[in-house]
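Please keep the sequence and the 3D view side by side as you read.

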Amino acid sequence: MSEPQEYTRSGYWYPDGGNVSTVDVLNMLRRYRAAETAMRARTRASMGMNETDLMALRFLLREQRAGRIVRPIDIAKMLDISTASTTTLIDRLEKGGHVRREPHPTDRRAGVVVPTVSSDEEVRATLGAMHRRMLALVDELSDDERAVVTRFLAGMTAAIEEASDLDQELRDAIRDEKDTGTAR
């Protein structure tokens, strides 16, 4: 009778083949997500913001770099929040010195939201070194390697988005069943 195999890497019943396994890849992806989540929490804490505030500020900075103006409704759409919540968010960011309201350059009835220079500098100081390390790592990859990584991440994104769509379909079916007393 042969000795039982050790299944150390996966933690499951699959033998360790010596190569990087599917489980190893998924575990590394989980580790990356945990590190990113922790980094975002540190950034929010250092800037005194919540997740929605940080998302809005990143959106404003990105749009400003692209030369686009941002109205409050643009923030509401991007975040998928109500206009009342958007007003509260902008008030909070303005009070924190991260944004300012300005008149729309061509529409007297509208206003725009602009990130402050100090806010841009704070984001760069907080995240700049990490972004440089990330860019350097990607720059070390060959074109073929970048294509493989991009295809993998796009596939993972699609798998998660599909799961979200299926989750919503399930919630809708359960709600419909409760409302009508019948299954779809």
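What follows looks at a strand pair, a residue in a helix, a surface patch and some salt bridges.

This is a predicted model, where local features need pLDDT of at least 70 and side-chain atom pairs count only at pLDDT 80 or more, while totals for chains, interfaces and linings use all residues. Residues are numbered from 1 along each chain as its sequence is written, and side-chain values use heavy atoms, with hydrogens and water left out.

**Strands**

Let's start with β1 (residues 99–103), which pairs with β2 in the antiparallel sense over 5 bridges. Helices (H or I, at least four residues) and strands (E, at least two) are DSSP runs numbered from the N terminus, and two strands pair if DSSP finds at least two bridges between them. Across this pair, P103 stands opposite G111 of β2. Strand β2 (residues 111–115) is mostly covered, with 4 of its 5 residues buried. Here buried means under 20% relative accessible area, exposed means over 50%, and partly exposed lies in between (1.4 Å probe, protein chains only).

**A residue in helix α5**

Next, find S119 in helix α5 (residues 117–139). S119 counts as buried because its relative accessibility is 1%. Leaving aside residues up to four places away in sequence, S119 touches M47, L57 and H98, where contact means heavy atoms within 4.5 Å.

**A nonpolar patch**

Helix α6 (residues 143–180) gives the largest share of the patch, 3 residues. V149 lies in α6 and is partly exposed, at 38% relative accessibility.

**Salt bridges**

Side chains of opposite charge can pair when their charged atoms come close. The structure holds 10 salt bridges, each a side-chain nitrogen of Lys or Arg within 4 Å of a carboxyl oxygen of Asp or Glu. The table includes some of them.

| Pair | N to O distance | Relative accessible area |
|---|---|---|
| E51 and R44 | 2.6 Å | E51 27%, R44 21% |
| R71 and D74 | 2.9 Å | R71 34%, D74 19% |
| E94 and R101 | 2.5 Å | E94 33%, R101 37% |

Shared partners also join R40, R44 and E51 into one salt-bridge network.
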